[in-house]
Amino acid sequence: MRAKTITEEELCTFVADLVAAGTRVTAPVRAAEGKVDYRAITRFEEAAIGAELPRRSLKEFFLPPTEPLFSWRQGKGDVTVKPVSVSFPPHVVLGARPCDAAAVEILDRVMGWDYRDELWFGRREATTIVSVACPGIDGSCFCTATGRGPDSTRGSDLMMTPVDGGYFVEAVTPKGEAFVRTHAARFADVADPGTTVAAEAFRARARSRVAENLTLSLPALRSWLGSSFDHELWRTIALRCHGCGACASVCPTCHCFDIVDEPDGVRAGTRRRNWDTCQTARFTVHASGHNPRTDQNARFRQRVMHKFSIYPDRFGEVLCTGCGRCARACPGGMDLPEVLKTIAALAGADGPREAAV
Amino acid sequence: MKELQELARTLLSSGTVGVVIGWEEGPRGARPAFITDAADSSRLIFDHRCTHNLATYLSPRRPHMARLGKAAIVVKGCDARAVAGLLRETQVKREDVVIIGVRCGGVAADPAGAKPLTAETVAERCPGCTAREPHLADHVVGEAQPEPPGAPTRDARIAELDAMSAPKRWAFWQAEFARCIRCNACREVCPMCFCERCVGDKTEPQWLESSPHPRGNFAWHVTRALHQAGRCVDCGECQRACPADIPLGLLNRKIAGIVADRFDYRATDDPTVPAPIGAFSMSDRQEFIL
Amino acid sequence: MALPAEKIEAFEPRITAFVCNWCTYTGADLAGTSRLQMDPNVRIIRLPCTGRIDPLFVIKAFERGADGVIVSGCHPADCHYTSGNYHARRRFAVFNEILGFLGVEPERLTFSWVSASEGQKWREVVNDATARARRLGPFDAFRALAGRSA
């Protein structure tokens, strides 16, 4: 499909059309506390596209912080189990950050690996993700170092790039193409070849801006991690870490969950799954009381290992999109890009040798 | 700064301590630093971005800290109250910690960036602070600092909430708690939350539902507030750490008001003053009891 | 928010009472053996002492559908364990104010001292707590907190 353009005015109509047709629309919105969150909108004017990075990523729209898996009721001699619905109404995310969209696609692998997570994929199939190319946020961005970028189309169905008077639009997936066809009246063909050039210039600027923050050789990093479980680096890596897990809750790719049964009255209850994080001590406590991860250093090592060694070993790519939220959210000043830089130096993986690998 | 760095160097090179816990320049502003080599003492800084309460790192729950040896800790006057709390509740022995007090002129709410300290950037606990001079200290460094900028704001907000009807107050807090995802960051950064096993983590029986739904969230925030009564030192770390920006400082301030009013107790850096919950007086007010 | 009169008639509040073994429970027993008539809305949970009553019990009671809660024990200076009630008095003073600050109507909570000889007072406490909960209606605000079931 050829690239299209869409104006701000058409976007207003577009959102109105979607909402009128009963589609849930989510976009970055400035919350009352002054921060930006992905939230439901009913009019395009409510969206704060291009504002700062939302506090949390998109993952909660596919894996909510808490969700019921089923409920049960005990009768006389039997138990009735009521499953949850795994079909979801149509949903459009408008103005997703490319780092957040990429994360969702990366998580598809673990969610559909040995067991197909119906809740995850039910929401995935109901959702169309329209991303907006990012100009880069600040010095904690490192998406280019993780093999993605501020204009990465991974996980997006449509990618929009800001240009004068609106957006340059490309369909990434068949779903995105169908979406453009359905709403063909809102989009125009690219009239001026200068628009394409301007869009590419915007993206190139963003890429080089983010690349200044950090460059890595991911294979070298992974190979060092694979053989350095007992490296002395880990002995003091997490002194300032509180083990609070704020990093995991804002992370677009951290996806661990806990499963709990909660009673609703005496003979009924609900099984739920809730976000969990390997950064807390209780995550690995055994029933005996023994904890194989003895301290915070071990827990932080797990976070780095899982993202840059274990996940790529199993699924072929790192479990990080370089959004930098963990560094921004950390009350103790832990900084993942800084840690990666340190490891890269140890591994001889620093510098722009990516292309050669 | 020089004075602080020199002191750290002396403490480390003489073997008095194994680690000096202070602040350094990080990729995103000031952050906690752990100096174990005297030669690194020059990394230590203290300025208005040093908002973190480092007393959290003295918690006995952190075995990796204990391995660094005896600690010297840099504290603002307000942070010293947390050290006093740990001493009062026998979590730390006085002889096991060297306390370096720094004189403070208020700190910023956000340790990142280089914004000057103004009424807009100052932490909400700082205006009107009466704990800027550290008393619980082995060494005090730095010159006397000016008053923090700005005026206290929380008491007015509390009065506003108190004046609302109960259902309105309920709605206010429910909207705040709705954002809670039960990551427990508020607990983990709190210097006074040192329980080996928090009641919030207990499963047999499970007193607090761990799900971040409104019922679990309400139970957690009531419990956190109650367990902080007469113990909270109002360092604001819980609110700063909260990835959902829930105004826990407001709740903490309310609790401080309750214990001040009822038990004449205020957070103090004197570890010999007993905590109000756990003690009692025959003449405690009981107007709420039939 | 009070209910209209006809709704008040139809609504039977559920009240959970946490009482100490030595004074209030015995007082309630006395009320029973004295055949005092009182509202049948209260379920009593007996504990050794008010000092054993964790404020979390109150939260749990509301979570499980209570419309009101009574906490009752020995008068000051009467505690079987010397000081349990003094500790409880401090704890519940703070708890009561925190719940109020978070928007729980104070009428849903009743604290009382009822001695072993005060069967008559127990009846008053029960009737009073029931009447107040009846006026407020079901604690729907708390029940609405229940997580979405499957």
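**Close-ups of a predicted model**

**View 1. Who sits around A:His91.** Skipping neighbours within four places in sequence, A:His91 is in contact (heavy atoms within 4.5 Å) with A:Thr23, A:Arg24, A:Thr26, A:Phe61, A:Ala126, A:Thr127 and A:Thr128. With A:Thr26 there is a side-chain polar contact of 2.6 Å; that term takes N or O atoms within 3.5 Å, one able to donate a hydrogen and the other to accept it, and residues adjacent in sequence count only if both atoms are side-chain atoms. A:His91 counts as buried because its relative accessibility is 3% (buried is under 20% relative accessible area, using a 1.4 Å probe and protein chains only).

This is a predicted model, so local features need pLDDT of at least 70 and side-chain atom pairs pLDDT 80 or more, while totals for chains, interfaces and linings use all residues. Residues count from 1 along each chain as written, chains are lettered from A and ligands numbered from 1 in written order, and side-chain values use heavy atoms, leaving out hydrogens and water.

**View 2. C:Glu63 and its partners.** C:Glu63 is buried at 8% relative accessible area. Beyond four places in sequence, C:Glu63 touches B:Glu209, B:Arg215, B:Ala219 and C:Phe142.

**View 3. The one disulfide over all chains.** C:Cys23 and C:Cys74 pair up with sulfurs 2.4 Å apart (the cut-off is within 2.5 Å). The link is right-handed, at 100 degrees about the S-S bond. Both C:Cys23 and C:Cys74 are buried.

**View 4. A cysteine in no disulfide, A:Cys326.** The nearest cysteine sulfur, from A:Cys323, is 6.3 Å away. A:Cys326 is buried, with 13% relative accessible area.

Methods:
Buried < 20%, exposed > 50% of the residue type's maximum accessible area, 1.4 Å probe, protein only.
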